[in-house]
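Take a first look at the model below.

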Amino acid sequence: MTTGQEPGREPGAGWRAAVATAAGAVAVLTVAGGVTVWRWSQDEPVAGFLWGVCAVAALAALAAGVVVGLGDAEGELAGSGVRVAGFLLLALGAVFLSAQVAETVRARLHEPRSVPATVTRCRVTGQEPVEGGGLGAKTYACTFRWTVDGRESSVERPEGPYPEGKETRVWLEDDGRVSTGRPSLVGIPLFGVPALFCLLGARFLGSWLLTDTGQALRR
């Protein structure tokens with residue numbers, strides 16, 4: 001059985017199978033990778049099988065892509081690998097940016113309980129590294145104290161410096177986490193506009209790849 005394409009000859013069934021395998025693996029990688037990126041960006045646990053699916057799909061796409069490239073004697077699919085990489089990068093980037101928009105909207109619509117708090121004990125925790133070596137601005141951590149139902153609580157956060165005894169607020173999330181700030185609505189257009197451009201770019205490259213795949217399978 002012919003697995004490649006030689007000059008003047010039609011491609012074999014094995015080569016077409018490699019094209020279909022590569023296309024299917026990229027599709028699976030896009031879906032599984034999108035779910036993984038979304039859950040990771042939302043601080044949700046990512047099931048181990050998702051990482052496994054992504055790894056298997058990536059290896060299958062790479063292996064099938066090598067076979068396709070070796071059998072493409074006329075070079076009609078030249079550049080498809082670059083288009084696949086660009087498609088995946090844009091698609092997963094769109095998922096990540098969309099997740100940031102969703103998180104901002106969710107946090108703003110679901111305002112958790114907030115209580116007044118007092119900032120104390122701001123301390124230096126280190127210094128930020130600067131390009132070319134050396135150290136730059138100092139980093140701080142401050143203790144936030146508040147009282148709920150007569151019970152005092154506190155948490156140290158990497159923020160500051162603040163003057164001793166500064167009055168502020170903390171937000172008590174349903175899952176027990178504490179937040180000392182709310183996401184700004186500016187984040188919606190800040191992440192939403194690039195997400196739209198990534199989505200449009202992924203759609204363009206995806207259509208191009210579908211055309212390449214269809215033409216290859218019809219040879």
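What follows is a short tour of a predicted model.

Start with the open space. Rolling a probe the size of a water molecule over the atoms shows where empty space is left. The largest pocket holds about 610 Å³. Its lining counts 26 residues, and Ala22, Ala23, Val26, Val84 and Leu209 lie closest to the centre. Four helices each supply at least two lining residues: H1, H2, H3 and H4. H1 gives the most, with seven residues. By class, the lining of the largest pocket has 17 nonpolar residues, along with seven polar and two charged ones.

| Helix | Residues | Part in the largest pocket |
|---|---|---|
| H1 | 13-41 | at least two lining residues |
| H2 | 48-71 | at least two lining residues |
| H3 | 80-109 | at least two lining residues |
| H4 | 187-217 | at least two lining residues |

**The cores**

Next come the nonpolar cores. The largest has 13 residues. Inside this core, the residues with the most contacts are Val26, Leu29, Cys54, Ala61, Phe87, Leu88 and Ala202. H1, H2, H3 and H4 each give this core two or more residues. H1 brings the largest share, four residues. A second, separate core has 10 residues, among them Ala117, Cys142, Leu172 and Val178.

Which residues does Cys54 touch, leaving aside its neighbours within four places in sequence? Cys54 is in contact with Leu29, Ala32, Gly33 and Thr36.

**A residue in H3**

Ala85 sits in helix H3. Is Ala85 buried, partly exposed or exposed? Its relative accessible area is 46%, so Ala85 counts as partly exposed, since that class lies between the 20% and 50% cut-offs. Ala85 and Val26 are 59 residues apart along the chain, yet 9.7 Å separates their C-alpha atoms.

**The sheet**

The model also has a sheet. Strands of a sheet pair through backbone hydrogen bonds, either parallel or antiparallel. Here, five strands form an open sheet in the order S3-S2-S1-S4-S5, and the pairing is antiparallel. S3 (151-157) and S5 (178-179) are the edge strands, each pairing on one side only. How many bridges join S2 and S3? Strand S2, residues 135-148, pairs with S3 over seven bridges in the antiparallel sense. Phe144 stands opposite Val155, a residue of S3.

How values were computed:
Residues numbered from 1 in each chain as written. Predicted model: local features only at pLDDT ≥ 70, side-chain atom pairs only at ≥ 80, totals over all residues. Heavy atoms only, no water. 1 Å grid on protein atoms, 1.4 Å probe; cavity = no way out; pocket = protein on both sides within 12 Å on 5 of 7 lines; lining within 4 Å. Points joined across faces, edges and corners; volume = space filled by probe spheres on them. Nonpolar A, V, L, I, M, F, W, Y, C, P; charged D, E, K, R; others polar. Core = buried A, V, L, I, M, F, W, Y, C linked by side-chain atoms within 4.5 Å. Buried < 20%, exposed > 50% of the residue type's maximum accessible area, 1.4 Å probe, protein only. Contact = heavy atoms within 4.5 Å. Pairing = 2+ DSSP bridges.
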